[in-house]
Amino acid sequence: MTASLPREAAPPDEPPAEDRRHMIRRRALTLLIIVLLIGVPAGYLVISANQSRDSGKDKEKKYSATGLTAAWPSRVQRRLYQVPIPHPADQVAYYETNNWKTSRLYVQFRTTDAGLDAFLTGVGVNRDDLEQGDLTIGARDRSVTGWKFTGPGPWSGLVHRQKNPAPTQDIVVNLANPASPMVYVVSRTVP
């Protein structure tokens, strides 16, 4: 009798060898997952960084202005400083300064006779409050904006004082052309 040798146990069920098509498909799926997990967030970061940089440049340009900017102040600025620019108005320009003590909004615009009345009513005063020859905007504020009140007049002005935190407005109006008065406003508030 011949002794039989123990046989090796059969290996557990092994999957059949992978053919080339399945291997290519598996690698392509792996590559796609890697691209989605790494590439999409990286692309988002690049786009976000570019938008942030562009936004910063716009803000830097806006806040580095050192004088009047030919544009309308934002609605928030007009509401905060209580400067209701009437419609129609043209030659609109503004400049805002802020520090720990006082914030100021400088605004100029040309409007119609009715627009001047609407503006003054919106501020809380009327045309009778304007004093002829009174240039209420001081030399400091004139130097900031470059305003020179030397042209043909008549010039009129008023100071509209309000209790804090409401702003105080210094208003000067050039009535050289009564149908198109030019209005200059310095509205200041204490934060």
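Strands β2 (residues 103–111) and β6 (residues 182–189) run antiparallel and are joined by eight bridges. This is a predicted model, in which local features need pLDDT of at least 70 and side-chain atom pairs count only at pLDDT 80 or more, while totals for chains, interfaces and linings use all residues. Residues are numbered from 1 along each chain as its sequence is written, and side-chain values use heavy atoms, with hydrogens and water left out. Strands (E, at least two residues) and helices (H or I, at least four) are DSSP runs numbered from the N terminus, and two strands count as paired if DSSP finds at least two bridges between them.

- Tyr106 has Val186 of β6 as its bridge partner, and Val107 stands opposite Val185.
- Burial means under 20% relative accessible area, with exposed over 50% and partly exposed in between (1.4 Å probe, protein chains only).
- On that scale, eight of the nine residues of β2 are buried, and β6 is mostly covered too, with seven of its eight residues buried.

**The neighbours on either side**

- β2 also pairs with β1 (residues 89–98), in the antiparallel sense and over eight bridges.
- Val173 has Val183 of β6 as its bridge partner.

**The sheet as a whole**

- Put together, six strands form an open sheet in the order β1-β2-β6-β5-β4-β3, with antiparallel pairing.
- β1 and β3 stand at the edges with a single partner strand each, so one side of each has no neighbour in the sheet.

- Ile137 sits in the loop between β3 (131–132) and α4 (139–145).
- Is Ile137 buried or exposed? Ile137 is buried, with a relative accessible area of 0%.
- Contact here means heavy atoms within 4.5 Å.
- Leaving aside residues up to four places away in sequence, Ile137 touches Tyr184, Val185 and Val186, along with Arg142, Trp147, Phe149, Asp170 and Val172.
- Ile137 and Val159 are 22 residues apart in sequence, and their C-alpha atoms are 8.6 Å apart in space.
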